Amino acid sequence: MVDIPAPVREILEILETAGHRAWCVGGCVRDALLGRPPEDWDVTTAARPEEIMALFGDRAVPTGLRHGTVTVRTAAGGVEVTTLRRDGTYRDHRRPESVEFTDSLEEDLRRRDFTVNAMAMDLAGDLHDPLGGRADLAAGILRCVGDPDRRFDEDALRILRGLRFTAQLGLAVDPDTAAAIHRNRALLGDIAPERIWTELKKLVTGDRAAEVLRAYPDVIGVFWPEVLPMVGFDQRNRHHCYDVWEHTLHALAAVRPETELRLTLLLHDIGKPNCFTADEKGQGHFYGHPAESARLAGEMLSRLRADSATRETVIRLVAWHDKNIPRTRPGVAHALAALGEQDLRRLLAVKRADNLAQAPDYRFMQGEIDKAEAILDQLLAEGACVSLGQLGVTGRDLLALGLSGPAVGQALRALLDAVMDGDLPNERQALLAAVRGQRAETLSAG
Ligand code: ATP
Ligand code: MG
C-alpha cells in the first residue's frame with residue numbers, strides 16, 4: 001500500500017465528494033511503488049477545469065487551463081490537478097496543438113510516455129494499470145506506451161525523458177523502445193533547449209548516468225555534437241587506460257550526483273580531441289586542453305540556455321581541473337581566495353574523480369587530495385585571512401600613511417598575499433609597519 005500524503009488525499013476527497021472521480025497519477029504513483037519519495041504529486045480527475053476552479057476557490061491557480069491544468073495550493077506545496085484528456089494532433093515533434101477532455105481514465109493513461117508513468121491510484125489505494133506499468137516496473141523495464149516510433153515522433157522530448165528515467169531509476173530500456181530512441185534521435189533537434197536542459201540535468205545526476213551515456217552518445221550528440229569525437233579517442237598516454245569517453249564516464253560515475261559536479265566531469269576533457277599531438281615516441285599530449293575544454297563547455301551550456309550560475313561554475317571547474325593540487329597552507333589559502341570554499345571543495349572532488357579514472361598505477365593522488373582537504377578544514381576552522389575584508393588594515397589606514405590612488409589597492413593585495421603566504425601575521429601593527437618600511441624603501445630608491 002502506498003501512503004498518499006494528507007494534503008493530496010484532501011484534494012481527492014473534495015473532488016470525490018463533489019461527484020467527480022479522481023486519482024493520483026503518473027510519476028508519483030511510479031515513485032511511491034518504488035518506495036522513492038515523489039518529486040511532486042499530480043492528480044487527474046473527470047472534473048472540468050472550471051469545476052476544479054470553483055471547488056478550490058482561493059487555493060486554485062489556473063496554471064495551464066488550455067491543457068486542463070489547475071494548481072491547488074496546499075501546506076505541502078502546489079498539486080497539479082488536470083482534467084482527464086486525450087491529446088489532439090502533434091506538430092513539429094513537440095507538445096500537442098490541442099487537447100480534448102474525456103471521461104475515460106484509460107484514454108488519459110494512453111497519452112502518457114512510458115508504461116511505468118501510466119498508472120493511477122485512487123483514494124482506496126487501488127491501482128489502475130491497464131498498460132502493464134506495474135509489471136514493467138517490477139521487471140525493471142522502460143517501455144513506451146504504444147508504438148515507440150509514433151510516440152517519439154509526436155513529442156521527441158520523450159527520447160531524452162526515457163534516458164533520464166533509465167539513469168534515475170536504473171531501468172533497462174525495452175529493445176523496441178531502445179531501437180526507436182536511436183532511430184528517432186534527430187527529432188530532438190526540434191525541441192526547445194530549455195526542455196532539453198531540464199531533462200539533461202536529471203539524466204546526469206541519475207545513479208546510472210554513466211551507463212546511459214555509454215549506451216546513447218549518439219542521442220547526446222544531437223544537441224552536443226562536441227561529445228562525439230571523445231568516443232573511442234585513443235589517448236596514447238601512460239596515465240590513461242581508457243579512451244577519452246570511457247575515462248569521462250568513469251570519472252563522472254565517481255562523483256556524487258550534484259549537477260555542477262556531474263556536468264564538470266562530463267565536459268572536463270571535451271577539448272582533448274582538438275588539442276592532441278603525438279611526440280616522436282608516439283606518446284599523446286594535450287597541451288592547453290583545460291582552456292579549450294572550458295571554452296567548449298561554456299558554448300555547449302549556453303546553447304541549452306543553462307542558468308548562468310551553473311554555467312560559470314562548470315566553466316571554472318573545467319578550467320581548473322588539471323592544475324596541481326595545492327599541498328601547502330599558502331597554496332590552499334590562495335586557491336580558497338580564488339575559488340571560495342564551495343568551489344574549492346568541488347574542485348577537490350573533481351580531481352579525486354578524475355584521478356580515480358586514470359590508469360591504476362596513477363591513482364595515487366587520493367592521499368594528496370586528503371591532505372589538501374585537511375589543510376582547508378584547518379584554515380576555515382582558524383578563520384584564516386583569505387580576503388581583503390578579513391585583512392587587519394583597511395584602505396583608510398593606507399591613505400593615512402600617505403598612499404593614494406591605485407597604490408592603495410595594490411598595497412592591500414600585496415599585504416593579503418604576504419599574509420596568505422605566511423610572511424606576515426594578520427595584525428594591524430605588523431601590517432602598518434610593513435607598509436611604512438616598503439614606502440621608506442621606495443622613497444629612498446626614488
Ligand atoms: P519527476 O519525478 O521528474 O517529476 P514525472 O514522471 O513525474 O517525473 P513529470 O514531468 O512530472 O514527470 O510529468 C508527470 C507525468 O506526466 C509523467 O509521469 C507522465 O505520465 C506524463 N508526461 C510528462 N511529460 C510527458 C510527455 N512529454 N509525453 C507524455 N507524457 C508525459
Ligand atoms: Mg512529476
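**The surroundings of ligand 1**

A backbone N or O atom of Asn 117 lies 2.9 Å from an oxygen atom of ligand 1, a polar contact in the sense of a pair of N or O atoms within 3.5 Å. In this predicted model, local features need pLDDT of at least 70 and side-chain atom pairs count only at pLDDT 80 or more, whereas totals for chains, interfaces and linings use all residues. Residues are numbered from 1 along each chain as written, ligands are numbered from 1 in the order in which they are written, and side-chain values use heavy atoms, without hydrogens and water.

The backbone of Asp 113 also takes part, with an N or O atom 3.2 Å from a nitrogen atom of ligand 1, while a side-chain N or O atom of Arg 112 is 3.0 Å from an oxygen atom of the ligand. Taken alone, ligand 1 exposes 590 Å², of which the protein buries 82%; these areas come from the Shrake-Rupley method with a 1.4 Å probe.

Around ligand 1 there are 17 residues, the closest being Arg 30, Asn 117, Asp 155, Arg 158 and Arg 164, where a residue counts if one of its heavy atoms lies within 4 Å. By class, this shell has 13 charged, 3 polar and 1 nonpolar residues, with Asp, Glu, Lys and Arg counted as charged and Gly among the polar ones.

Helix 7 gives the most to the shell, with 4 residues, the helices being DSSP runs (H or I) of at least four residues. At least three shell residues come from each of domain 1 (1-139) and domain 2 (144-216), bounds that rest on an automatic or database domain assignment.

How values were computed. A polar contact is a pair of N or O atoms within 3.5 Å; within protein, one must be able to donate a hydrogen and the other to accept it, and residues adjacent in sequence count only if both atoms are side-chain atoms. Helices (H or I, at least four residues) and strands (E, at least two) are DSSP runs, numbered from the N terminus.
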